[in-house]
Amino acid sequence: MGVPRLFTCLQKPENASKLKDRTPLRQRISYSTGHIFNDLCSAVWFTYFIVYFNKVVGLSTTDTGLLFLIAQGADAILTPFMGIGCDRIVIKRFAPYGKRKTWHLFGTIFVAVAWPFIFSPCFACAEDSPKWLPLLYYSVTVVIFHVGWAGVQIAHLSLIPEIARRPGEIVELNAVRSGLTFVCGIFIYVVTWILLGQASEEGISPNLAKEFTHLSLIVVAIGFLFSIVFHWGTIEPATSTTGERKELTEEPLDEHSSDQSLCVEIVERDAPSHKPKTWRQWFKDPQFYAMGVVYTCSRITVNVSQSYFPFYLTETLHFQKEAIAYFPLVILVTGAISSVLVKRISKSLGTKWTFCLACAIVLGACAWFYLQTISGREGVYAAAFILGCGNSVMLVTVLSMTADMIGIDKASGGFVYSVMGFLDKGFVGAVVLVIQTFYPDSPDGVICEQCGSYVRLVFTLTPGISAVISLVIVGLCFKSKLVLSCRPRIEKADQSTQTIPVECLADLYAKIAELPSSNV
């Protein structure tokens, strides 16, 4: 048990400014590029997958939903195994390189090989081929793609608790990661806008196959380049491989304190090393289940609204084909801006209330989309702006909440993220399949009013209901963390010698008395 010790600091160390414990800038920048390849693919996938296979490839609405479910199901099944492997399996030959970076490398190769075949014509198909052959062909390609996609995602996410040296950096890295996700989406939509604008087709038809193939090749080239930057600049901590707990040195609390002032040192003597939670212990934690529901509903909200926005624009509001590029661009621009500001919002309100605010914003946008009329369809720009803000803040905060739940159990972080990914992919795929199964049939080139009404319902109600569920769970099952004025001093004094002003000493002793014995 640690023993509090009181002594006098005669002089502030000369190298106090060098003790600032912060992740190096190069590490943060290079880490941020590690998910760009996945983000580029994800922007195309969730926005254009259903439109592409339904309108361009020519699959039926049910087959399109089934293909999406196969892809999501493969991702859901593979993700837990990727998480366990990312936590436990170390290839000896690649051990010095970092076990999580190794998984990231092999995943990147799989993605680069499989992605162009998904958004290209079926090379195994002919005009007289059976109808099931295109579904089988594309099912194989999407499964191979998701083997790599899951490996990259889990490896990159589980590096956040390893790399971050301050609690605030977890939020920062998640915010930058989410911000780059939206930047990648902006890039994809601009490129798509240019490609579709050059096509002579008025609507979305099989004649646009070449434009989507070009888009897939651009994604591979740009994504692979940034993956190289990630592997060049990111250094995986040795504790990630050995499983040992790293000790961090905190920066001095008060740089303006006098040279001789009263100090309190709270040291931990003979404290046993922390043993990370096992998967059995995680399954016994009620917060783990609550976090799973919140994470899944958040992903349903974002992914369903992203996937059916092109249908809403073309089927419900009757915009031209270019609208499926520039309207999502509006959402992504506002989302990127919001992800930059979310750190300040979270610092002021706390993660819980920031997430609740995001849910309320999404509900407002869904209500606007539901009430939007064709005659006043230009007003959908404002609704898109609101939806972009809500989706962005929701994604950043739900990832931060997950990282907070993991806490010091970093060694099992891959398992936690894999379970969250399993729930996310499985439920999103099931929801899309149900939506596609009941999607009304419409002949090519004919305006389907029934389709427009159906899309209006699924595009607004599905994300709205998911946001309500998330809001209720977070409001009931998660506690707010109120920051007291002296709390930073208390937390930092827990690990290193700190200089405390005399006027805060009484409050400090009161806080010490409240600490559990394992922390003192």
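**A first tour**

Tutor: Buried residues account for 53% of the 520 residues in the protein chain. Keep in mind that this is a predicted model.

Student: How many helices and strands are there in the protein chain?

Tutor: Both kinds of element occur here. The protein chain has 3 strands. Its helices number 18.

Student: Of the contacts between residues at least 6 apart in sequence, what percentage join residues at least 24 apart?

Tutor: Start with contacts in the protein chain between residues at least 6 apart in sequence. Then keep those whose partners are at least 24 apart. That share is 83%.

Student: What share of the accessible surface belongs to carbon and sulfur atoms?

Tutor: The accessible surface of the protein chain totals about 23,600 Å². The part that belongs to carbon and sulfur atoms is 65%.

Student: How far apart are the end C-alpha atoms of helix H13, and what span should it have?

Tutor: H13 covers residues 351-371, which is 21 residues. At 1.5 Å a residue, the helix should span 30 Å. The computed distance agrees with that: its end C-alpha atoms are 31 Å apart.

Student: Where is Gly379, and what does it contact beyond its neighbours within four places in sequence?

Tutor: Gly379 sits in the loop between H13 and H14. It counts as partly exposed, because its relative accessibility is 24%, between the 20% and 50% cut-offs. Its C-alpha atom is 9.4 Å from that of Phe369, 10 residues away along the chain. Beyond neighbours within four places, Gly379 contacts Trp368 and Gln372.

Student: How much space lies in the largest cavity, and which residues are closest to its centre?

Tutor: The search of the whole structure finds 2 cavities of 30 Å³ or more. The largest holds about 460 Å³ of space. Its lining has 29 residues, and those closest to its centre are Ser42, Thr181, Val302, Gln306 and Leu395.

Student: How do the residues of that lining divide into nonpolar, polar and charged?

Tutor: Several helices each supply at least two residues of the lining, among them H2 (36-56), H5 (132-158), H7 (167-198) and H15 (413-437). By type, the lining residues of the largest cavity divide into 13 nonpolar, 11 polar and 5 charged.

Student: Is Tyr439 buried or exposed?

Tutor: Tyr439 lies in the loop between H15 and H16. Its relative accessible area is 6%. The cut-off is under 20%, so Tyr439 is buried.

Student: How far apart in space are Tyr439 and Thr61, C-alpha to C-alpha?

Tutor: Thr61 belongs to helix H3 (residues 61-88). Thr61 is buried as well, with a relative accessible area of 11%. Tyr439 and Thr61 touch. They are 378 residues apart in sequence, yet their C-alpha separation is 6.8 Å.

Student: What is the phi of His318, and why does it stand out?

Tutor: Most residues other than glycine have a negative phi. His318 is in the loop between H11 and H12. His318 is partly exposed, with a relative accessible area of 24%. Its phi is positive, near 60 degrees.

Note on methods: Residues are numbered from 1 along each chain as its sequence is written. This is a predicted model: local features need pLDDT of at least 70, side-chain atom pairs count only at pLDDT 80 or more; totals for chains, interfaces and linings use all residues. Side-chain values use heavy atoms; hydrogens and water are left out. The expected span of a helix is 1.5 Å times one less than its number of residues. Buried means under 20% relative accessible area, exposed over 50%, partly exposed in between (1.4 Å probe, protein chains only). Contact means heavy atoms within 4.5 Å. Accessible areas come from the Shrake-Rupley method with a 1.4 Å probe; for residues, only the protein chains shown count as cover. On a 1 Å grid over the protein atoms alone, a cavity is a set of points where a 1.4 Å probe fits but cannot get out, and a pocket is an open set with protein on both sides within 12 Å along at least five of seven lines; lining residues have an atom within 4 Å of a point. Grid points are joined across faces, edges and corners, and a volume is the space filled by probe spheres set on the points. Ala, Val, Leu, Ile, Met, Phe, Trp, Tyr, Cys and Pro count as nonpolar, Asp, Glu, Lys and Arg as charged, and the others, Gly among them, as polar.
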